[in-house]
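I opened this notebook to keep a record of what I looked up, one topic at a time. Each entry gives the term I used and then what I found with it.

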Amino acid sequence: MLLTSLLKENQILLDIETTSKTQCIERLAQHMVDSGDVVDIDQYVRDVLKREEEGSTGIGFAVAIPHGKSAGVQAPSLAYARLSAPIDWQSIDGEPVKHAFLIAVPLEQSGNEHLRILSNLSRKLIHEEFRAQLNQVKNAEELVELLEQ
Amino acid sequence: MKKILAVTACPTGIAHTYMAAESLEKAAKEKGVPFKVETRGGVGIENELTTQDIQEAHAIIIAAATDVDEGRFQGKTVIKVSLAEAIKDAPTAIDRALQAEASTGYVAQVEQSKQERSAGRSGFYKHLMTGVSNMIPLVVAGGLIIALSFIFGITAFEEEGTLAAALMDIGGGAAFALMVPILAGFIAFSIADKPGLAPGLVGGMLASQNGSGFLGGIIAGFIAGYAAKFIKDQVKLPRSFEGLKPVLIIPLGATLFTGLLMVYVIGEPVAWIMEGLGDWLAGLNTGNAIALGLILGAMMAFDMGGPVNKAAYTFAVGLIGSNIYEPMAAVMAAGMTPPLGLWLATLLSPKKFSTEEREAGKAAGVLGISFITEGAIPFAAADPFRVIPSLMVGSATAGGLAMLFNTALQAPHGGIFVLFIPNAVTNVFLYALAIAIGMTVTAVMIVLLKKGVAAKPEQTIQEKHDIAG
């Protein structure tokens, strides 16, 4: 499946603990390195944080979607973290973040299918029912299933 | 129900574009508002708004951090919100759009039909119009500045060092000299983008020098444009030389090709044609001159800003470059007549028009004095078979009379306002008379042909009584 080629099993982290936004991004990015999608983690994390400086990707409703189009990325990738303790993300509604989807896209666009999956994810996040289900997910399999609906 | 449109876009085009779109869509759905949203993200433009969508829309919400091609929304109410607002509080954005004053005024309608037309232009016509529209400011500036030099006497510019001579240098020596090169340059630009400009300008300059005038310029522009496009698209170079293409190969190749064709093949025959045309126009007997005015006039009113109108207009503007000013006078008079005639018709016989149409008539009047023929379109669209023939007859009358009265116009635009610039119009009072007669003909014919408003409220009430009784 296309989605699973983006969101590999090792890139789904449920109920982890992190103390800051940067730490959360770095940790998710490390898993992308492990699966070979990110080749230069320093470059990639720098690009993601730069994007955060331009405006927080905390879109409200306890969700953040940090993302970066970066030379450090080899293949498009998606990682997810559900945080056991919500952290501050300077979100637009001021609420702390519980769900973080980290998105990696290479500089040269690599086929629209992947971008389309990511845009579909963004659309889903707007819906309350989807976010409620996100809270209920018990394992990686269930998450993939939820996203593929 | 009011239809709302939206456009969302962000620089990365991965997340916010789509979240904002979804959020707005959701809010619109909950409110039961007809809605469509265009996304401009990493995947490109999706669900693009069509001209028809825009036309039907009550208002358009723009939630974007990059360019969204706003030009197409001209004449429409546009609400701008930040992406964050659209995501967080879409219902408010939708409410704002619903409550906004819709700009459905007459002028907005006219603006819209102009937009639709330029969007629908393609190929040959589009390239030609790009050239013409870039040339017009030069003709306006040149023509009026030359007219100003005549304030000091018709031959005052011949004396060197005077202000009249300076004005003639600016208008005739510089602005008019640039006309044909710019025409050709921008035709080529429209065809081949930037690489077309240089060969087009050079081809146009040659046309201007060898006397082939605007006709030669048009031909030069097309040759240069397609030559540049051919080299750009078809000539393949080794990768390491690819960088030389825009800076060396295209300018040299396309310019040389266009230039040689202009000098050895096209220049002379076209110069003969232009000379012949000039002689023919100068030697026209009164009957033929009136015939020319009638034809140009009818063309101006036939499609009000469409291809036929623009053909007549381009012909007249091109002749200004060859110092022939009479057809321009006929064309502008005929172009002002349609909206003016409609305005007069609504005054002459208000009962035949609805309240909205009478209001629209006033706006048409304003557009008419400004030489915006498109001002007649909403009326013509509503009742084409009665309105268009009336407009054509009135405009042909104005055009024919302008030629009969031997009027001449130095500027290609300006409507009634150029009449006040000294020497811009020769025989200015007769010119005003030609326009006045033309609009009267249009108005009378419309009033005679029109049946009147279909259902008057009083009648309906009367009928009800009848039924009750």
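**Ground rules.** I noted that this is a predicted model, in which local features need pLDDT of at least 70 and side-chain atom pairs count only at pLDDT 80 or more, while totals for chains, interfaces and linings use all residues. I also noted that residues are numbered from 1 along each chain as its sequence is written, that chains are lettered from A and ligands numbered from 1 in the order in which they are written, and that side-chain values use heavy atoms, with hydrogens and water left out.

**Chain B as a whole.** I looked up the secondary structure of chain B and found 18 helices and seven strands; helices (H or I, at least four residues) and strands (E, at least two) are DSSP runs, numbered from the N terminus. The C-alpha atoms of this chain fill a box of roughly 75 × 75 × 40 Å along the principal axes. Of its 469 residues, 50% count as buried, where buried means under 20% relative accessible area, exposed over 50%, and partly exposed in between, with a 1.4 Å probe and protein chains only. I then took contacts (heavy atoms within 4.5 Å), and among those in chain B between residues at least 6 apart in sequence, 73% join residues at least 24 apart.

**Domains of chain B.** The domain assignment, which is automatic or from a database, gives domain 1 (3-104), domain 2 (121-282) and domain 3 (286-449). How far apart do the C-alpha centres of domain 2 and domain 3 of chain B lie? I found 29 Å between them. In contact there are 22 residues of domain 2 and 26 residues of domain 3. The two domains bury about 1,900 Å² between them, 81% of it on carbon and sulfur atoms; buried area is the accessible area (1.4 Å probe) that two parts lose on being put together, summed over both. In domain 2, Leu144(B), Phe214(B) and Leu281(B) lose the most area to domain 3, together 25% of what that side buries. On the side of domain 2 that touches domain 3, helix H6 (123-149), helix H7 (163-192) and helix H10 (244-282) of chain B each give two or more residues, and H6(B) gives the largest share, twelve residues.

**Chain A against chain B.** I counted 22 residues from chain A and 18 residues from chain B in this contact. The area buried between the chains is about 1,900 Å², and carbon and sulfur atoms give 66% of it. On the chain A side, Ile92(A), Arg123(A) and Ile126(A) supply 33% of the area buried against chain B, more than any other three residues. Two salt bridges are counted between the chains, and Glu25(B) forms one with Arg123(A), with the closest N and O atoms 3.6 Å apart.

**Two loop residues of chain B.** Is Ser212(B) buried or exposed? Ser212(B) counts as buried because its relative accessibility is 0%, and I placed it in the loop between helix H8 (194-209) and helix H9 (213-234). Beyond its neighbours within four places in sequence, Ser212(B) is in contact with residues including Met262(B), Val270(B) and Met274(B). Gly161(B), in the loop between H6 and H7 of chain B, counts as exposed at 82% relative accessibility.

**Charged pairs.** Side chains of opposite charge can pair when their charged atoms come close. My search of the whole structure gave 18 salt bridges over all chains. Lys8(A) forms one with Asp37(A), the closest N and O atoms being 2.5 Å apart. Lys8(A) lies in the loop between helix H1 (2-6) and strand S1 (12-16) of chain A, and Asp37(A) in the loop between helix H2 (21-34) and helix H3 (41-54), so the pair ties together parts 29 residues apart in sequence. Lys8(A) is partly exposed at 22% relative accessibility, whereas Asp37(A) is buried at 6%.

Note on methods. Salt bridge = Lys/Arg side-chain N within 4 Å of Asp/Glu carboxyl O.
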